Amino acid sequence: MTQLTGGSARGLSIVSTLVDAVIAFARGRPKAGALLLGAAALSTRIPGLGVAVSVLLRVYRKVA
């Protein structure tokens with residue numbers, strides 16, 4: 001069984017944020033896509049930022 005280490009979890013988080021950014025661009029949401037790209041880039045320094053931004057964008061879309 002493979003263990004999920006801190007480094008691999010961080011990498012997975014960045015990749016999932018990048019996938020969210022690509023989907024946002026594909027759905028015609030360039031501002032959200034750019035925000036997610038920036039969050040993915042900053043996630044290398046601030047762990048969890050990309051996931052937090054992704055969740056906040058989803059909540060915002062539900063409320064608005």
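This is a predicted model: local features need pLDDT of at least 70, side-chain atom pairs count only at pLDDT 80 or more; totals for chains, interfaces and linings use all residues.
Local features need pLDDT of at least 70 and side-chain atom pairs count only at pLDDT 80 or more, while totals for chains, interfaces and linings use all residues. Residues are numbered from 1 along each chain as its sequence is written, and side-chain values use heavy atoms, with hydrogens and water left out.

Q: What makes up the secondary structure of the chain?
A: Three helices and zero strands, running α-α-α from the N terminus on. Helices are DSSP runs of H or I with at least four residues, strands are E runs of at least two, and numbering starts at the N terminus.

Q: Why are H2 and H3 called roughly antiparallel?
A: Helix H2 (residues 30-42) and H3 pack at about 160°, with axes 7 Å apart. Angles run from 0 to 180 degrees between N-to-C directions, and axes are lines fitted to C-alpha atoms, for helices over the stretch in contact. Under 35 degrees is roughly parallel, over 145 roughly antiparallel, 65 to 115 roughly perpendicular and the rest oblique. So H2 and H3 come out as roughly antiparallel.

Q: Why does Val55 count as partly exposed?
A: Val55, in helix H3 (residues 49-63), has 44% relative accessibility, so the label is partly exposed. Buried means under 20% relative accessible area, exposed over 50%, and partly exposed in between (1.4 Å probe, protein chains only).

Q: How much of the chain is buried?
A: Buried residues make up 25% of the 64 residues.
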